[in-house]
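Please examine the structure shown below. The briefing that follows describes how its chains meet and what one part of its surface is made of.

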Amino acid sequence: MIASLATFSSVIETLGIVAFAMSGVFAALGKKLDMFGVLVIAFVTSVGGGTVRDLLIGATPVAWLKDTHTLQIILVTTILTLLLRKRIGNFQRTLMVFDALGLGLFTVIGIQKGLAFGLNPGVCVALGTISGCFGGVVRDILLNHIPALFHAKELYATTCIAGGTVYFLLNGVLDQEAVQTIAALVI
Amino acid sequence: MIASLATFSSVIETLGIVAFAMSGVFAALGKKLDMFGVLVIAFVTSVGGGTVRDLLIGATPVAWLKDTHTLQIILVTTILTLLLRKRIGNFQRTLMVFDALGLGLFTVIGIQKGLAFGLNPGVCVALGTISGCFGGVVRDILLNHIPALFHAKELYATTCIAGGTVYFLLNGVLDQEAVQTIAALVI
Amino acid sequence: MIASLATFSSVIETLGIVAFAMSGVFAALGKKLDMFGVLVIAFVTSVGGGTVRDLLIGATPVAWLKDTHTLQIILVTTILTLLLRKRIGNFQRTLMVFDALGLGLFTVIGIQKGLAFGLNPGVCVALGTISGCFGGVVRDILLNHIPALFHAKELYATTCIAGGTVYFLLNGVLDQEAVQTIAALVI
């Protein structure tokens, strides 16, 4: 059960990294950056949220320094997204979808990590929200946008906080895995 | 005596959090952000300086993750400031006052924490200055201003460094509590 | 041998701090900041990369908090650069040279620290790149430039990654000190 939980968490984390890396690539393409710039933005968007989360709770060295998986996933995702971008179509909408997906997934992971560190549930929702939002905020600052977080008409971070709260309410009733799936999908 | 000192420190910290949260609310209102945006800016301005201070000295999990008081104070302050903002009047001047107040209070706390970690006094002044300034700098970056720190004609950070230095000079002569009160008021 | 290595590392670190502080001063002068603003930009550019590196690997308190040397070096460098700036001449070119120098030196130090913490070599190259680039990126964000990193036509961070990789390849063949010198010079 514990092994399966760990596996499940790492599947969610991988999905979140892929989703945010793709969102980073699409945002960078909108600004016509070169190959290296695209890779940096993909990287920052992907690991930004998790890095801040790990720094805040003191889980250092931060997750992506501990093995090369994260870096490899981001590299492969960036290259595949660049190659297949014509087929993926409309940038703006695609960016929104992957951004929302990454947001949901990272919020759930942030909450879980906070709970694992014995933090108060209310604080964990804040921590999860930061994990979810931070990658996108840094991406937008680097690309000189006003963070999407602020002009997306609440829909964005509000769902993130709401989702996190729902996560706790459900947590008492259902079992862990079901809750994770629901939370990630709903958000 | 130790208990009273701890209480006194936590009173100063609470005042600093309230002052910076109010400064964040006024800055965000100037940009006509929605309710959620205002809350985020208030939060970042409030905990930004202390978070960087705790990260730099390695005091993790950072202070505001350890209990829900800080989050509650920020939430209540934001709501009250929004409700009472018509009575508070002129935004720009009010923002300046609360910013200066938060700055002074956080500089003192930053210096104290640095000393408690056994750091060199000169380094502590730098750490205090960072604690004091960082919240406001991040607020200004997020709101796409040029940081007030740079165009306030030195008056700002210079007083902060000067206050910190005075703090040390006085420290040898007077007792702890008197010094704190004086330092916070003077700055 | 170990003592001489430590000395050599600290010489490289000092050179990197001086180079980045000078680059910060020249960038700030281009924006006509006052004396205090120039000092802050010099400080941030100098310690930014190393601070992020230390935070990510969990080496806290971060390096520049542990003694006053770093702060003193930055202060002296800033004052000397301001006094001698007429003799140094053309800002833009000088900025580029010191930026490149600091970049190379900090990349090497970042890689070494990563290895000392037992991290994977591929991850160390990423860590070194971040150490090298971050100070300049923060400087550019504070001065409201688009980070030089993105519009310098790859030449910048690409050489940094390439240099780091070369460092590892050489590492197996030559002895430590020779490699450091070569790597720093080549980059």
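**Interfaces and a surface patch**

Chain B brings 19 residues and chain A brings 20 residues to their contact, where contact means heavy atoms within 4.5 Å. This is a predicted model, in which local features need pLDDT of at least 70, side-chain atom pairs count only at pLDDT 80 or more, and totals for chains, interfaces and linings use all residues. Residues are numbered from 1 along each chain as its sequence is written, chains are lettered from A and ligands numbered from 1 in the order in which they are written, and side-chain values use heavy atoms, with hydrogens and water left out.

**Chain B against chain A**

- The size of an interface is often given as the accessible area lost when the parts come together.
- Between chain B and chain A the buried area (accessible area, 1.4 Å probe, that two parts lose on being put together, summed over both) is about 1600 Å², and carbon and sulfur atoms give 79% of it.
- F36(B), L65(B) and L142(B) supply 37% of the area that chain B buries against chain A, more than any other three residues.
- On the side of chain B that touches chain A, α2(B) gives the largest share, seven residues. Helices here are DSSP runs (H or I, at least four residues), numbered from the N terminus.
- By class, that side of chain B has 13 nonpolar, four polar and two charged residues. Nonpolar means Ala, Val, Leu, Ile, Met, Phe, Trp, Tyr, Cys and Pro; charged means Asp, Glu, Lys and Arg; the others, Gly among them, are polar.

**Chain C against chain B**

- Chain C contributes 18 residues to the contact and chain B contributes 20 residues.
- The area buried between chain C and chain B is about 1600 Å², with 79% from carbon and sulfur atoms.
- F36(C), L65(C) and L142(C) provide 37% of the area that chain C buries against chain B, more than any other three residues.
- The number of salt bridges between chain C and chain B is zero.

**Nonpolar patch on chain A**

- M35(A), L75(A), V76(A), I79(A), L80(A), L83(A) and L84(A) form a nonpolar surface patch of about 640 Å². Patch residues have over 30% relative accessible area and no salt bridge, and nonpolar side chains (Val, Leu, Ile, Met, Phe, Trp, Tyr) are joined within 5 Å.
- Helix α4 of chain A (residues 69–88) gives the largest share of the patch, six residues.

Definitions and conventions
Salt bridge = Lys/Arg side-chain N within 4 Å of Asp/Glu carboxyl O. Patch = residues over 30% accessible without salt bridge, like charges linked within 9 Å, V, L, I, M, F, W, Y side chains within 5 Å. Areas by Shrake-Rupley, 256 points an atom, 1.4 Å probe, with all protein chains shown as cover. Helix = DSSP H or I, 4+ residues; strand = E, 2+ residues; numbered from the N terminus.
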